[in-house]
Amino acid sequence: MSMSSIALTAEGGRPVWMSRARQYLPLLPPTLLLLVFFAIPMGMMVGLSFHPQGGSTASLASYERFFTDDFSLAGLGRTVLMSGLVAICVTLMAYPVAYFSARSRSRWRAVVFAPAIAPELAGVVLRTYGWLIILEDHGFINSGLMWLGLISEPLPPAKNMFGVVVGLTHVILPFGILSLLTSLQGVDQNLEKSAQILGASRVSVLRHIVLPLTVPGIVSSMLLAFTMSASAYATPAILGGAGFKVLATMVYEQVLFTSTGPLPRSWRTCCW
Amino acid sequence: MNRIVSGLFWVSIALVMAFITLPLIVVMAASLSPSSRVTLVPWEWTVRWYGDLMARRWIDPFILSAQIAILVSLISGVLGLLAAYVVAFEKCPGHATIMSFLLSPLAVPQIVKGVAIVLFLSSAGLYRWVGTPGLVAAHIILTLPFAVRMIATAMFNFDKNLDRAGQSTGATKAQRIRHLLLPIIKPGVFSGMTFAFIISFNNIPLSVFLVRPGKPPCPSPSLTISNTASIRCWLRSMSPRCFSCWR
């Protein structure tokens, strides 16, 4: 880097600071756009949450209302629980697939990997509708079980936590696979080979070498899954419906139907 | 022991694969069923829902969303290229900080971004921007981090010795960028732009806030998210059946 900046000053004869500044010039358009359409709006929103009635005095009133309202607190609890479950399910399911894609030399690699990522191309609503067909009262599972005579009344798998967790796990799984894959590919394969040479079985290689080394990847995939499911809207709206409301669906309801009052404002900022 | 473990491993992979593909197959099958509810009737098939898609009210939002997504992916590609050049190729001082600033929209949920942008536009007196210009701006904010990250990865992997070789043969900076850097990182740029296109084309949570009320008309009172251009054209393109049931 220093070489090229020296070369620049030498050929152009400009002062050093000028060529330094010129380096940052290409950053101007993207930074400007992010400032205007992201940083300033976000700042405004955080600011507004402290001015509940649009008044000039700052107060924590909207936060107080959120944290003393049972309805919102229950929503917060449901959201946290749901996101935690999704994070665990995603990581558990993504790990074998990612491990296989990172280590296998077989020609099944592409066969496994392509369908694991491809659903990302179809939209969230489409995939969620697939689950609705499978899980709803007269859906796949219930009709199948009733036809087999195992149950007489339909089980209620959708419109509750179970349905939403299943749907969200499906939506977020490709992201989990990708993030674990990067971390597994970063593990030096020579370590595994030397352990195998020393007589370790595949299980103990996995347990004592691969798993400890991929802990950062596991943590990051869980965090990713958690944040994505905490802010997901379409899946909880379709699969959870009125029976299972999370913060995201509650915020949309407030913003789109009810009001622009102080309560949703505090929701928007304090929950994420 | 080893055999059991590898057997379990294969079973787990097969189960995950089944989990991933099952709902997609079900939706595809359901789109061929004649009932106007979203259900599976395994013994009756029809393609009439696909014929219904040719109606104007599906075609128009489809074209609008495609136009927005193309515009968004082009702008994100150019901006991402500029940003990634400084951050990943030149690696100027502070590149890590700049990179995390460029990726920061990822940390904020789409609802919050959507509300914030509408709030900003209305208080800045730009309310008439709500609609296509606002959607384009918001989608760029949404897709730029992905584009930057993809292009930056491609640039990190670019062999600097090639650039030095070009320099020693007397190529100017512009020539080196045009004939060395750009051709080599082209796959990264394309994948970034493809990502941007898909994200913008499929987006609902952010678009809800920026679609002008009443234009285009909302076909579904039962699900408010349907009043975005994206979702309608998207359902139009992917799964006609889901939508027909809301009429």
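Me: Hi! Which residues in H5(B) are buried?
Reply: B:Gln110, B:Ile111, B:Val112, B:Lys113, B:Gly114, B:Val115, B:Ala116, B:Ile117, B:Val118, B:Phe120 and B:Leu121 are. A residue is buried if 20 or more other C-beta atoms lie within 10 Å of its own, exposed if 12 or fewer, and partly exposed in between, with C-beta atoms placed from the backbone. This is a predicted model, where local features need pLDDT of at least 70 and side-chain atom pairs count only at pLDDT 80 or more, while totals for chains, interfaces and linings use all residues. Residues are numbered from 1 along each chain as its sequence is written, and chains are lettered from A and ligands numbered from 1 in the order in which they are written.

Me: Why is H5(B) largely enclosed?
Reply: Because 11 of its 14 residues are buried, H5(B) is largely enclosed by the rest of the structure. Helices (H or I, at least four residues) and strands (E, at least two) are DSSP runs, numbered from the N terminus.

Me: And what does H5(B) span from its first C-alpha to its last?
Reply: Helix H5 (residues 110–123) of chain B reaches 20 Å, close to the 20 Å expected at 1.5 Å a residue. The expected span is 1.5 Å times one less than the number of residues. Just after H5(B), B:Gly125 has a positive phi of about 70°.

Me: Which other residue has a positive phi, one other than glycine?
Reply: B:Lys91, with phi near 45°. Most residues other than glycine have a negative phi. B:Lys91 sits in the loop between helix H3 (56–90) and helix H4 (95–103) of chain B, and B:Lys91 is partly exposed because 15 other C-beta atoms lie within 10 Å.

Me: Changing topic: which residues touch the most other members of the largest nonpolar core?
Reply: A:Val86, B:Ala84 and B:Ile151, in a core of 115 residues. Helix H6 (residues 132–156) of chain B gives the largest share of this core, 15 residues. A nonpolar core is a set of buried Ala, Val, Leu, Ile, Met, Phe, Trp, Tyr and Cys residues joined through C-beta atoms within 7 Å.

Me: What is B:Ile151 in contact with, leaving aside neighbours within four places in sequence?
Reply: B:Gly80, B:Leu81, B:Ala84, B:Ile185, B:Gly188, B:Val189 and B:Gly192. Two residues are in contact if their C-beta atoms, placed from the backbone, lie within 7 Å.

Me: How many helices and strands has chain A?
Reply: Chain A has 15 helices and zero strands. Of its 272 residues, 40% are buried.

Me: Where is A:His51?
Reply: A:His51 is in the loop between helix H3 (28–49) and helix H4 (61–68) of chain A. A:His51 counts as partly exposed because 16 C-beta neighbours lie inside 10 Å. Its C-alpha is 45 Å from that of A:Tyr95, 44 residues away along the chain.

Me: On to confidence. What is the mean pLDDT of chain B?
Reply: The mean is 74, and 71% of the residues in chain B reach 70 or more. pLDDT is the predictor's confidence in each residue, from 0 to 100.

Me: What ipTM does the complex get?
Reply: The predictor gives the complex an ipTM of 0.72, along with a pTM of 0.70.
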